[in-house]
Amino acid sequence: MFSFISKQFIDILEWQEEGDGVLAWRYPMQDNEIQYGASLTVRESQMAVFINEGKIADVFGPGMYKLTTQTLPVLTYLQHWDKLFESPFKSDLVFFSTRLQLGRKWGTPQPVTLRDKDFGMVRLRAFGIYSYRITDPKLFYGEVSGTRDSYTVDDLEQQLRNQVVATMASTLGGSAVPFLDMAANQGLMADTIKTALLPVFARYGVALDSFAVENISLPEELQKAIDKRIAMGMAGDLGQYTRYQAAEAIPLAAQNEGGLAGIGAGLAAGVGVGQIMTQAMQQTLQPAAAAPAADAPAADAPAVPPADAGDSPQAKLAQLKALLDGGLITQTDYDTAKADVLKKLVG
């Protein structure tokens, strides 16, 4: 008698979700019994499952129910109560959230190795988002959540992410789409992966609502190799590109404190600056197979004395003046070299 009196009779059963992330929640019924005619409230985005003696007895969608013989026919059949529920009864009740679980992230923790027709074997990384909802609580209870008091999104998604990565690898491997074309086909690729995942999710009583591939990338070292290949393609004729770089370096060296200004006097006293610079300009600025007309000097170009004009001071001064007029050396270079030539001439 004392044990019976100590029990509480439940007359209202409901789940007021206090936050996100819980997929299944067992109504606390320890030492409690459900009053005959009790009210069961299942809200929109919820479903409820009665468990009797370890077996699923009934599934309730959104609505309000009076728990009587008429509303629990399956439970009546399993229990064979001769009192037709006209007394409190003991059973388990599990609520399930059927809301969309949005913005769930997936990604490849390790690169996935695939065969690519452009690069041979490549290792890809990918990530994106997906959303899902519980559609079959009976199947979800039997396959996933079981007898736990609560089952959360985090509990489920480790398994789901593994399924996503495995399906993605097999789908990309069989698609034969080169990596360079994948960026333009991410939408189509996501639809293909989603189609392959639908039966995988349905096995757990879960419906996959949306699936998106946000990024597919290569390991850093392979991406650098591709960047170099792109740069080479943009450069075009590497020989012409090299000559262009050499020509650009000459005025930069003249402006440098340690460039032509530092060696002007020595060049003037020794080897003719004009001869060296003329040969350098001919090698860097003229194309390898230029037409004869391209070798003709421009009409307004300053005259440069020939390399064999002699080593006289007058010839050296003329060479320096031609380099100055042509913009190949600065005024400081010219003054320094000129002073050195004149000093040797007077001395």
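Mentor: The open sheet consists of five strands in the order 5-4-7-2-11, and the pairing is antiparallel. Helices (H or I, at least four residues) and strands (E, at least two) are DSSP runs, numbered from the N terminus, and two strands pair if DSSP finds at least two bridges between them. Strand 5 (55-60) and strand 11 (150-152) stand at the edges; each has a single partner strand, so one side of each is left without a neighbour in the sheet. From one strand to the next, the twist averages 15 degrees. Axes here are lines fitted to C-alpha atoms, for helices over the stretch in contact, and angles run from 0 to 180 degrees between N-to-C directions.

The model is predicted: local features need pLDDT of at least 70 and side-chain atom pairs count only at pLDDT 80 or more, while totals for chains, interfaces and linings use all residues. Residues are numbered from 1 along each chain as its sequence is written, and side-chain values use heavy atoms, with hydrogens and water left out.

Contact means heavy atoms within 4.5 Å.

Helix 3 spans residues 137-145 and includes V144. Not counting residues up to four places away in sequence, V144 touches L139, Y151, L156 and Y204. V144 also lies 9.9 Å from R203, C-alpha to C-alpha, although 59 residues separate the two in sequence.

S45 has a positive phi of about 70 degrees although it is not a glycine. With a relative accessible area of 25%, S45 is partly exposed; buried means under 20% relative accessible area, exposed over 50% and partly exposed in between (1.4 Å probe, protein chains only).

Further pairings involve strand 10 (residues 120-134). Strand 10 runs antiparallel to strand 8 (residues 101-107), joined by five bridges, and Q101 has Y132 as its bridge partner. Strand 9 (112-116) is likewise antiparallel to strand 10, over five bridges; a hairpin of three residues joins strand 9 to strand 10, and D116 stands opposite G120. Strand 10 and strand 12 (residues 206-217) pair in the antiparallel sense over ten bridges, with G128 opposite V213.

As for the interior, a nonpolar core is a set of buried Ala, Val, Leu, Ile, Met, Phe, Trp, Tyr and Cys residues joined through side-chain atoms within 4.5 Å. The largest nonpolar core has 39 residues, of which L124, Y132, F140, L156, F201 and F211 touch the most other members. A second, separate core of 16 residues includes W15, A48, A57 and F60.

F201 also belongs to the buried residues of helix 6, together with Q186, M189, A190, I193 and L197. Helix 6 (residues 186-202) has a kink of about 30 degrees at A196, shortly before the proline P199; the bend at a residue is the angle between axes fitted to the seven residues ending there and the seven starting there.
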